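User: I am new to this structure and would like a short walk through it. Could we begin once it is on the screen?
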Amino acid sequence: MFAVPDEVESLEQTLMKLPEMDRPTVRQLSLSLPGLVPSRLPRSEAAVIATEIRDLGVDATAIPVSDIPDISHAEAVHHLKVMESSLEAIDFREESRTWKGDQIALLSVGVVPSSAPRVHRTPPAVAMSSSRRSWNDGLDVTARKRPEAWVILDDGLALQLASDEMNYEYLANRLCGSSTANFTALIRDLQELAPQAWITPSTRSFLDHAPQRHYEFRTHEEFQRYTQFHTLLKGRAGCQNR
């Protein structure tokens, strides 16, 4: 789907015709649109649903699964160096790979829940009641959120960056104590290195210090679908410009 209709209720009713789509799921999905609707159907059935959505005044099309960019096997990179005309990734073996700036096809930044494990904290002894049971069994502390990025290269390779897991030594005298500030500097360097790259709206909002709701995603899967959608848009725009 390339837009969202004014009448969301009609859209929700249409999407609920898809397999494994109930109203709560559809309502959550509608908040992430425009974008990919994660449902696999036979081509003829998908075409019918796409037509019903277009009848609501929204551009939508059924896309073959093979046409959707697969970034699920992205490489997690923890050490990058942005140089004058190239990008270097260094792995834990200190082996490096280099790409020229014009090989970067897309940059996508979003704030997502950290993948760090949940922490279980035992309540203090003062919280113990006379029945020798705690007022609860402890607290599951949800991992905080953090900025992450996808860097999609022109050969389809996807690099995944997490702001609090990066080595920023290349920043040298620009290095500061905030991982978010360092990450912002890294993304700006990537943008300058690859001015031809497709920059997603969430990335622009992040760099412009817009309200976080403009680049925040509820799950990694939602952020991945968003990035796949914009990779798909870039491909469509490239085909139209040839």
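Analyst: Let us begin with S86, which stands opposite K100 in strand β4. Please note that this is a predicted model.

User: Which strand pairs with β4, and over how many bridges?
Analyst: Strand β4, residues 96–100, pairs with β3 in the antiparallel sense, over 5 bridges.

User: What lies between those two strands?
Analyst: β3 and β4 form a hairpin with 5 residues between the strands. In that hairpin, E94 takes a positive phi near 70°.

User: And how does β2 run relative to β3?
Analyst: Strand β2, residues 80–82, runs antiparallel to β3, and 3 bridges join them. L80 stands opposite A89 in β3. β2 and β3 also form a hairpin, with 3 residues between them.

User: Which residues of β3 lie on each side?
Analyst: S86, E88 and I90 are on one side, while L87 and A89 are on the other.

User: Which residues do ring pairs link into a cluster?
Analyst: The cluster consists of W150, F217, F223 and Y226, linked by ring pairs.

User: What describes such a pair?
Analyst: A pair of aromatic rings is characterised by the distance of the centres together with the angle of the planes.

Key:
Residues numbered from 1 in each chain as written. Predicted model: local features only at pLDDT ≥ 70, side-chain atom pairs only at ≥ 80, totals over all residues. Heavy atoms only, no water. Buried < 20%, exposed > 50% of the residue type's maximum accessible area, 1.4 Å probe, protein only. Helix = DSSP H or I, 4+ residues; strand = E, 2+ residues; numbered from the N terminus. Pairing = 2+ DSSP bridges. Phe/Tyr/Trp six-rings, centres within 6.5 Å; stacked < 30°, edge-to-face > 60°.
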